[in-house]
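Please open the model in your viewer and keep the selection panel at hand. The tour begins at the ligand and then moves on to a pair of helices.

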Amino acid sequence: MMRESYVSEKDVGFKRIATDIGPVVIVGGAGKLGSLFAQLFTLSGYEVRILDKEDWGDAETLCAGAGAVVISVPIALTEAVIARLPPLPPECVLLDLTSVKQAPLAAMLKVHAGPVLGLHPMFGPDVSSLAKQVVVVCHGRQEQSYQWLLEQIRIWGARLHEAPAAEHDQAMQLVQAMRHFTAFVYGVHLKREHADLEQLLQFSSPIYRLELAMVGRLFAQDPALYADIIFAQPDALARARHYLARYQEALAMLERGDKAAFCAEFDEVAHWFGDFAEQFRSESANMLMVANDGRVG
Ligand code: NAD
């Protein structure tokens, strides 16, 4: 699917921002996200070299004269792979696409004295284009030397969001780790309850269909990636325990048949969401309209 959707752009390609830099080496470039970026760099006229797990014997040759080295390997291997890099040209930009940012950034700053940049593309390899997608940017060192790369990513259509690595990792805990973890548990629950998905879909309103799609799409992807995203967060366990405690509090309300407490808590959360609650209501109404149009079956 991804390949097909880029076919149209292949004829035209993208504007190339840096005309005088050496090849772009993608470590893990045979993987899902790495090959998407390999394709984008190629479509923009850069020479792309892939350094995957069987290629370490040629690492020095592959990295010779590199203008940028992109790390896109499984999260759990990232730091070890960075430590294994041969010395890079001083002006080479060393960057990574890892879903966590603090540890890879620190590892890159340690092995390379030149420009270092941490990126987190907030999308998977199944996107048909980067339009409206977000890439989080965590600055490492010598920002001026990698402005071309950021501009190149903007040309591909993405919006850049700058954040300190610690802040990114903190936010990801809720945006990714906890969300995927609760979706995982919900999936386990549906399975254990022997839920009949066909039947659920017959009964369900568009909003439930969307919710089910959000959970179900997780299981169409790579378990190892999600395991890494969830398990790589240092405070994942504490966060999940907090969540469980809140679930138990809510369960106690249910046990007591305490509708009043439920409504009081509901009001407090609604107040906390403030204007966002109404904004989300109207945004989701639009999403549902679009989702309904794009329904398969
Ligand atoms: P993947 O498993 O598809 O690709 C990883 C690649 O790394 C494979 O080609 C593998 O052969 C290679 N590799 C493994 N060990 C290696 C080694 N020692 N040396 C060189 N190459 C090695 O994984 P992916 O989904 O493409 O994820 C790669 C990175 O992208 C991860 O850091 C992940 O957090 C990040 N990311 C992924 C997504 C996503 O949705 N897939 C989204 C955002 C960020």
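Select Ser 99 together with the ligand: an N or O atom in the side chain of Ser 99 is 2.7 Å from an oxygen atom of the ligand, a polar contact in the sense of a pair of N or O atoms within 3.5 Å. This is a predicted model, in which local features need pLDDT of at least 70 and side-chain atom pairs count only at pLDDT 80 or more, while totals for chains, interfaces and linings use all residues. Residues are numbered from 1 along each chain as its sequence is written, and side-chain values use heavy atoms, with hydrogens and water left out.

Next, show the backbone of Leu 33, where an N or O atom lies 2.8 Å from an oxygen atom of the ligand, and then that of Val 73, where the corresponding distance to a ligand oxygen atom is 3.0 Å.

Now widen the selection to every residue with a heavy atom within 4 Å of the ligand: 25 residues surround the ligand, and Lys 32, Leu 33, Asp 52, Trp 56 and Ser 99 are the closest.

Finally, select helix H7 (residues 165–192) and helix H9 (residues 206–218), whose axes come within 9 Å and cross at roughly 100 degrees; helices here are DSSP runs (H or I, at least four residues), and axes are lines fitted to C-alpha atoms over the stretch in contact, with angles from 0 to 180 degrees between N-to-C directions. Display the side of H7 that includes His 180 and Phe 184, and that of H9 that includes Tyr 208 and Leu 212, to see residues that make the contact, defined by heavy atoms within 4.5 Å.

Notes. Helix = DSSP H or I, 4+ residues; strand = E, 2+ residues; numbered from the N terminus. Polar contact = N/O pair within 3.5 Å; in protein donor to acceptor, adjacent residues only side chain to side chain.
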